[in-house]
Amino acid sequence: MPQTLSSTSMFTQCGFSPHLHTSKEDEQGGLIFQDGNLTSASLDALIQHLIPTTDYYPEKAYIFTFLLSSRLFIEPHELLSRVCHKCIEQQRLDDPVLDKARIRKFGPKILQLLTEWTETFPYDFQEERMIGHLKDMIHRIAPCDEAYWKKMNQLLQTLNQKLATLSHGQEGIVKISAAVSDKLVAFKSKPPSIQREILSVCSDPYTLAQQLTHVELTCFSEQKKTSNLEAYVKWFNRLCYLVATEICMPAKKKQRAQVIEFFIDVARECFNIGNFNSLMAIISGMNMSPVSRLKKTWSKVKTAKFFILEHQMDPTGNFYNYRTALRGAAHRSLTAHSNREKIVIPFFSLLIKDIYFLNEGCANRLPNGHVNFEKFLELAKQVGEFITWKQVECPFEQDPNIIHYLHTAPIFTEDGLYLASYESESPENQTEKDRWKSLRSTILGKT
């Protein structure tokens, strides 16, 4: 895990809200500081602040924040070109005779910056222009120390491995997305009796929670492209519908109650693991109308644990209870001694919503034309945590049969769920009776 991505090492705990600070400001080299925190600057000043010298290296928090936010103002290849040009100019790397003593002080610092960039935002270096700028810079300093050649080769080798891994991860997510889409409308009525059910595949709640965590971390590990974000949302929706399908599928009330209690226990284990996305999907599936209307079934369920979990994920107060639990899991992750304790899988849709509103709610530039760096520090804190969490390796052994079932088991459409629900427990009012009749006619061809 790149050292630059530790949220505790990168950011202070004081936050950056302008309402929390006094109006004391200080300007240094075109950079505006407020109570010691960089709040705004021109783009040129921010670029200069990124560039190392013989006796200066930017803070890790600044490197991550600026590389993350700069792409809103300048393309990565253009940024690297300007960084390299300024380095050549300031370190006089075009001189016929180089100052080897000075470059031996500067060389390790520019190599460290390039290394952090390639580790943190490797996709930037899919462009040949980026690799060209990187090689050109190292070629200029290499005559002063042969070790720089070796370091460049190591850097490029690590970068290629990282890009290959990310590409493989993306292909996996595309396959998951395809599986989800292909099976979404597989059954529009109750499946035949030979259809497998979740309890025949996995009857242990903790084991299923572990395998759900496997799926989440697989999707979670590569969220660079919009298509991957969409695949993750599809996975959440699939899990909701899978839970509802498994509950509505059994013909007997006792079996349906057993499935509900099983998923309540799975949800509780997901909470204990720190897998809040699967937890929310399971709760959402059990709260779907075709499931919640099964009053006779729910009367056989011990619901105390379910109500506790619902309370944890209650949207009241902008999901206050969930956010409190998430902070607890994040704190546990920071002090963890094992990957098991490091797992934090947030409710993904809410995370994206938070980042969206933070981005849309604050201007990128101030009225004087300066970059609103205070905003990007806030964004970087959230994204930095996200990157740290998604790099955790899943500590649980994978069960291929369970994973396959989660991805490929046929699920009801919404109409199929309603029909199965009405077939299990008869409609209670005229509206439900009319809908039941319509569904039997359109789906089953019966009147």
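User: Which helices each supply at least two residues of the lining of the second largest cavity?

Analyst: They are α9 (205–220), α10 (226–248) and α20 (400–408). A helix here is a DSSP run of H or I with at least four residues, numbered from the N terminus. The model is predicted, so local features need pLDDT of at least 70 and side-chain atom pairs pLDDT 80 or more, while totals for chains, interfaces and linings use all residues. Residues are numbered from 1 along each chain as its sequence is written, and side-chain values use heavy atoms, with hydrogens and water left out.

User: What makes a residue part of that lining?

Analyst: A cavity is a set of points on a 1 Å grid over the protein atoms alone, where a 1.4 Å probe fits but cannot get out; a lining residue has an atom within 4 Å of a point. Among the residues that qualify are Leu212, Leu239, Phe263 and Tyr405. The largest share, four residues, comes from α10. About 40 Å³ of space lies in this cavity, the volume being the space filled by probe spheres set on the points, which are joined across faces, edges and corners.

User: How do you know which residues phenylalanine 125 touches?

Analyst: Contact means heavy atoms within 4.5 Å. Not counting residues up to four places away in sequence, phenylalanine 125 touches residues including Leu80, Trp117, Met130 and Leu163.

User: What makes aspartate 44 and arginine 82 a salt bridge?

Analyst: The rule asks for a side-chain nitrogen of Lys or Arg within 4 Å of a carboxyl oxygen of Asp or Glu. Here the N to O distance is 2.3 Å, and the pair qualifies. Aspartate 44 lies in helix α2 (residues 43–50) and arginine 82 in helix α4 (residues 76–90), so the pair ties together parts that are 38 residues apart in sequence.

Definitions and conventions. 1 Å grid on protein atoms, 1.4 Å probe; cavity = no way out; pocket = protein on both sides within 12 Å on 5 of 7 lines; lining within 4 Å.
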